[in-house]
Amino acid sequence: MVKLDMSVVQERISYEELEELISWINHIHGFDFSGYSRASLKRRVTRIMDIYGLDLFDLKGMLVNDHLFFEEFVVQITVNVTEMFRDPSFFRLVREKVIPYLTSFPRVKVWNAGCSTGEELYSFAILLKLEGLLERSFLYGTDINPRVLEKAKAGVYPLSNMKKYSENYLNTGYSGSLVDFYVAQYDAAAISNELKKNTLFSVHNLVSDRVFNEFQVVSCRNVLIYFNTDLQKRVLQLFYDSLCPFGFLCLGAKESLRAFDMTGRFRIVDKFENLYQKIG
Ligand SMILES: C[S@@+](CC[C@H](N)C(=O)[O-])C[C@H]1O[C@@H](n2cnc3c(N)ncnc32)[C@H](O)[C@@H]1O
């Protein structure tokens, strides 16, 4: 087996250079990645440099001169993986422990922060439809990345994804079929207009943007894991401020309120799927 002498393998970017790049991007484009975990950022920037065959000097040149390249850079820096009914146990517990309370609100506004291409938001729309709440609900999907939001607005997904999404859906405990909520067109599945009617997708950066409405539910999953503790605290405060009294914060299995002093502010609704209710 050939052994690599790691001392001669050239790093594409050092941690010092990464710091410099982060403040430079903030200066030029106003995008602040300083609260993102460094290990993941370094891996992603290295990957971009590999794909395009760029050194740091060329990378900066492209970032400043080529707007489309900058957009692509943001796509690559942020992880956009998502699914409909991702982690079915999350939706099962939302159904069991959150929905019964929502019936007492005259209007249900849901904010799906870091919604990526929209599958999570449409899953919420289906849940609300099945529980008879969709007509009085409005769902807002936001993300830092305008490219994923275009896909979310279109609500058209590869038909081949629907097998996995249907399995997820059935694992939430609902009967019937996901087919009732989309129209198959050749190799694509288009989310039904009934679900899209009460949705709005727009750019919102959790790092720099503020409260924009008051919600009964805020759901943000698989986003905070990319942030450091300070940024997590700031974003959790933003969610707290965005919730109405007795509104619900849904974080999912990977993220919790550990970084946040929640004494007297939230009660734990489910400790595995990190569902919380604002009480203070
Ligand atoms: C892994 S996806 C999660 C998608 C979905 N919530 C889920 O769990 O399936 C993370 C999303 O967070 C978004 N994101 C990253 N940083 C963000 C920020 N500062 N503000 C808003 N969204 C952000 C990314 O663009 C990406 O679409």
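Because the model is predicted, local features are reported only where pLDDT is at least 70 and side-chain atom pairs only at pLDDT 80 or more, whereas totals for chains, interfaces and linings use all residues. Residues are numbered from 1 along each chain as its sequence is written.

The secondary structure of the protein chain comprises 10 helices and 10 strands, where helices (H or I, at least four residues) and strands (E, at least two) are DSSP runs numbered from the N terminus. The radius of gyration of the protein chain, at 20 Å, is close to the 19 Å that the globule rule gives for 280 residues, so the chain is as compact as a globular protein of that length; this radius is taken over C-alpha atoms, and the rule is 2.2 Å times the number of residues to the power 0.38. The C-alpha trace spans about 60 × 50 × 45 Å along its principal axes. Of the 280 residues, 34% count as buried, a residue being buried if 20 or more other C-beta atoms lie within 10 Å of its own, exposed if 12 or fewer do, and partly exposed in between, with C-beta atoms placed from the backbone. Among contacts between residues at least 6 apart in sequence, 75% join residues at least 24 apart, a contact requiring that the C-beta atoms of two residues, placed from the backbone, lie within 7 Å.

Seven strands form an open sheet with mixed pairing, in the order 6-2-1-7-8-10-9; two strands are taken to pair if DSSP finds at least two bridges between them. Strand 6 (199–203) and strand 9 (266–270) are the edge strands, each pairing on one side only. On average, neighbouring strands of this sheet are turned by 20 degrees against each other, direction ignored. Helix 7 (residues 146–154) packs on the sheet, where it touches strand 2 (137–143) and strand 6, and its direction makes about 170 degrees with that of strand 6. Such axes are lines fitted to C-alpha atoms, for helices over the stretch in contact, and angles run from 0 to 180 degrees between N-to-C directions.

Within this sheet, strand 7 (residues 215–219) and strand 8 (residues 243–250) run parallel and are joined by four bridges, with Ser219 having Cys250 of strand 8 as its bridge partner. Strand 8 is in turn joined by three bridges to strand 10 (residues 275–278), the two running antiparallel, and here the bridge partner of Cys250 is Leu275. Strand 10 also pairs with strand 9 in the antiparallel sense, over four bridges. Strands 9 and 10 form a hairpin with four residues between them, and Asn274 in the turn has a positive phi of about 50 degrees.

Phe266 lies in strand 9 and stands opposite Lys278 in strand 10. Phe266 counts as buried because 22 other C-beta atoms lie within 10 Å. When neighbours within four places in sequence are left aside, Phe266 is in contact with Leu249, Leu257, Tyr276, Gln277, Lys278 and Ile279. Leu249 is 17 residues from Phe266 in sequence and 8.8 Å from it in space, C-alpha to C-alpha.

Strand 3 (residues 156–158) pairs with strand 5 in the antiparallel sense over three bridges, and Pro158 has Ala188 as its bridge partner. Strand 4 (residues 182–185) also runs antiparallel to strand 5, to which four bridges join it, with Ala184 partnered by Ala189. Two residues separate strands 4 and 5 in their hairpin, in which Tyr186 takes a positive phi near 50 degrees.

Around the ligand there are 20 residues, of which Thr78, Thr82, Gly114, Ser116 and Leu206 come nearest; a residue is counted as near if its C-beta atom, placed from the backbone, lies within 6 Å of the molecule. By class, this shell has eight nonpolar, eight polar and four charged residues, with Ala, Val, Leu, Ile, Met, Phe, Trp, Tyr, Cys and Pro counted as nonpolar, Asp, Glu, Lys and Arg as charged, and the others, Gly among them, as polar. Val223 lies in the loop between strand 7 and helix 10 (229–242) and counts as buried, with 22 C-beta neighbours inside 10 Å. Residues up to four places away in sequence not being counted, Val223 touches Ala113 and Gly114. Val223 and Thr78 are 145 residues apart in sequence and 9.2 Å apart in space, C-alpha to C-alpha.
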